[in-house]
Amino acid sequence: MSETSTVAAAQPAAISRERVMADYRLAVRSRQVSLLGRREVLTGKAKFGIFGDGKEIAQLAMAAAWRPGDFRSGYYRDQTLAFALGIATIDEFFAQLYADPDVSREPHSAGRSMSAHFGTRWLNADGSWTNQTLTANTSSDVSPTGSQMPRLVGLAQASKLYRQIPGLAEACPGFSRPAHPGDEIAWGTIGNASCAEGMFWESLNAAGVLQVPMLVSVWDDGYGISVPNEHQLTAGLSRLVSGLGRVEGERGFDLYQVRGWDYVALLETYQSAAERVRREHVPALVHVVEMTQPQGHSTSGSHERYKSRERLQWEEDFDPIRKLRQWMTTEKIATAVELDAIDEEETKAVRAAQRRAWDVFRAPVDAQRAEALSLIDAIAASSPAKDTVQKVRDGLARQQAVPRREVMVAAREVLLATRGEETPARRALIKWQRSLDSKTGKLYASHLTSDSPRSPLAVPVVPAEYASDPAAVVTLNGFEILNACFDAALARYPNLLALGEDVGQLGDVNQGFAGLQAKYGELRVADTGIREITILGQAIGLAMRGLRPIAEVQYLDYILYCLQILSDDLATLRWRTAGGQAAPVIVRTRGHRLEGIWHSGSPMAGVLNLVRGIHLCVPRNMVQAAGFYNTLLQGDDPAIVVEVLNGYRNKERLPKNLSRFTVPLGVPEVLRSGADVTVVTYGACCKLALETAEQLAGVGIDTEVIDVQTLLPFDRHGAILESLKKTSRILFLDEDVPGGASAYMLQQVIDGQGGFAWCDTPPRTLAAKAHRPAYGSDGDYWSKPNRETIFEAVYELMNEAQPAKFPIFWR
């Protein structure tokens, strides 16, 4: 552990007066943003605020070591860094504080994230990528602490791959032939309390194993909200990470400790650390201690409630701006009068920016209120409910800084009060209210998935082709089909890579990548440790930098390890940036029927309800899986592909166009036509449903079997409804728990598609038992649907319609 000097005896020659003065000005500006932002929340103009006060000087030092093309994965204390690098302006910061949904004024999240959640826009409106080598880049911040760490590993690993794989950078979007590809640093920031979390340690370990150019800064102000460090960590962080320190000839981190108020030491530390990380691709950690948090954690509480008077006084004495000012006057860099003038100028400038942001945010809302008041006045002029309408009107007019929702509420109250009336004025209000509802709703609901020309939903459908002569048809094991698919994809896409446990040398536990590491190299087909969170995190970061990773999670049951960042980070990325960022990760996993509690689960409902924004593909065989991979690799959205675990040794026909054929998303396939009952299912249950349909045919029941193919999106064109119109009876079948994915499918068809009107008998679901699947063949039989239970469920639907023809025979 190296600790930089905490006493600056003299101004180093390398630090010019101009630089120091500019840094002081920006530090004061950022502090004024924090102070004024808090007041804006406490006066009711904003809902919540979280700020970077106390961290200003360290972030200025970090910015001094930054280069265009570098990336940040940080958290909500980094406003000074954002201002210094031009990632955010003061106007944009206040626009975000007010939740301005106009992306031109709040480009980081279009009002969808709280204050200090930054994200640069690297997607153009048509889905194409900007040149990331020319700008300061930041991945979109997330609030769950520690979640920024896994993706940081991937952001850094991309630089290593760009340096070590010739021509890779030029093959990726977001690059325009950088002079030195691979020199980019991935900068991470995290608070001291979040260092107690598993994601932090797993990410450090992964970065140490990979030896990637990742520079982590820990802002240590001694607390995690109200809980001091002694309740967070066994010992001081610098001591805990000391075992990761690099020993000559071995892997490890460069480790630094520096005080957060020591301007000169901070500059020296970051310049030295960044230069080595950039040159040698060695990860580094800078533990910035003795930081302060002058306003406490956020606007939701007061730190006077949990900090002692002595601590509060220390924070005032060691405020980094105060310490910088003392150093500047001592070293005669500036006089107190000069610094006072800067303080006054920056206070006025921040106030002016705040007013601009507030005025432009309020203008459209105030205009909508004025329109509503005019329309309500017209109704009140002739309505029998004039008194009620006038009361609503006056209440809307009186409100200060009325939000859009109150305009909608008032319009609805007037329509309720005047129900039964039919006047042009009332019709005008209805039309206006519907238009406002539609336009405003889109401000918050857009970009869940891609709507660009590169969307996987826009990929042309290319059917699988087979030899016309049966003798010429090639039949392979399922894993061999996938192996050929991945081989062709790796050859076709130079920015494609695969990573996961056992993926490399072994070729994955089911041999889908067998032999491909030897063919394409260890960097493109890579083994990882047993660390699902950072497998996914690597993939997210790599995809953010233009690569196309296939991240393998060995079993569907294990996806629970990384579900938090799947849900909070990857699934929300395009939405929370209003189309500004994307990470088209493909998560490859396998599940469904095998044997053993943790190798045959189907937690599908938990996955599909937590990953909206990620496509969820559930192919019934490996040819269909290959078609999905072909589709997804041409698209720009993330996806999960769940292969059927017991299908790798099943024989399948090899399409002639294996590398080119595609399977569309959200388009079910009718596997068997029938007229009596529709059975809707997916994955491994398709085979059971088809076998059961033949048994049912033996007793006179004609069953239509539909494979939904993808759960997200689900039946985009209403194919299942068309089947229900024909059969008037429907069963939703899967092997998730009761009320899980089968209930989801029922809701989509009966509620979403209006299927109830076409049912002659109540729709049914058939799922697995509520417990996990028990071990062994008998455990499987009594844990999940089988041919007998499927037969009985369909037969009972027919019994309700024709009890004499289809009597219950088993009870």
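Which residues of S14 are buried on one side, and which on the other?

Modeller: First, the ground rules. This is a predicted model: local features need pLDDT of at least 70, side-chain atom pairs count only at pLDDT 80 or more, and totals for chains, interfaces and linings use all residues. Residues are numbered from 1 along each chain as its sequence is written, and side-chain values use heavy atoms, with hydrogens and water left out.

Now to S14. On one side sit Ile 586, Arg 588 and Arg 590. On the other sit Val 587, Thr 589 and Gly 591. All of these are buried, so both faces are covered. Buried means under 20% relative accessible area, exposed means over 50%, and partly exposed is in between (1.4 Å probe, protein chains only). Strand S14 spans residues 586–591, and six of its six residues are buried. Strands (E, at least two residues) and helices (H or I, at least four) are DSSP runs, numbered from the N terminus.

S14 also has pairing partners. Two strands pair if DSSP finds at least two bridges between them. In general, strands of a sheet pair through backbone hydrogen bonds, either parallel or antiparallel. Strand S13 (residues 548–552) runs parallel to S14, joined by three bridges. Strand S16 (residues 639–644) is also parallel to S14, with six bridges. Arg 588 takes part in both pairings: Glu 552 is a bridge partner of Arg 588, and so is Val 641 in S16.

Next, the cysteines. A disulfide is a pair of cysteine sulfur atoms within 2.5 Å. By that rule, the count is zero. Take Cys 562: the closest cysteine sulfur is in Cys 617, 16 Å away, which is too far for a bond. Cys 562 is buried, at 1% relative accessibility. Cys 617 is in no disulfide either; the nearest cysteine sulfur to it, that of Cys 485, is 12 Å away. Cys 617 is buried too, at 0% relative accessibility.

Five strands lie in the order S18-S20-S19-S22-S23, with mixed pairing. The edge strands are S18 (669–672) and S23 (764–766), and each pairs on one side only. From one strand to the next, the twist averages 25°. S18 and S20 (residues 703–707) are antiparallel, with three bridges. Helix H24 (residues 741–752) lies across S19 (677–681), S22 (730–733) and S23, at about 145° to S22. Axes here are lines fitted to C-alpha atoms, for helices over the stretch in contact, and angles run from 0 to 180 degrees between N-to-C directions. Contact means heavy atoms within 4.5 Å.

Asp 469 lies between helix H14 (424–445) and strand S10 (475–477). At 42% relative accessibility, Asp 469 is partly exposed.

Last, the whole chain. There are 26 helices and 23 strands. The radius of gyration is 30 Å, close to the 28 Å that the globule rule gives for 811 residues, so the chain is as compact as a globular protein of that length. That radius is taken over C-alpha atoms, and the rule is 2.2 Å times the number of residues to the power 0.38. Buried residues make up 59% of the 811. Among contacts between residues at least 6 apart in sequence, 78% join residues at least 24 apart.
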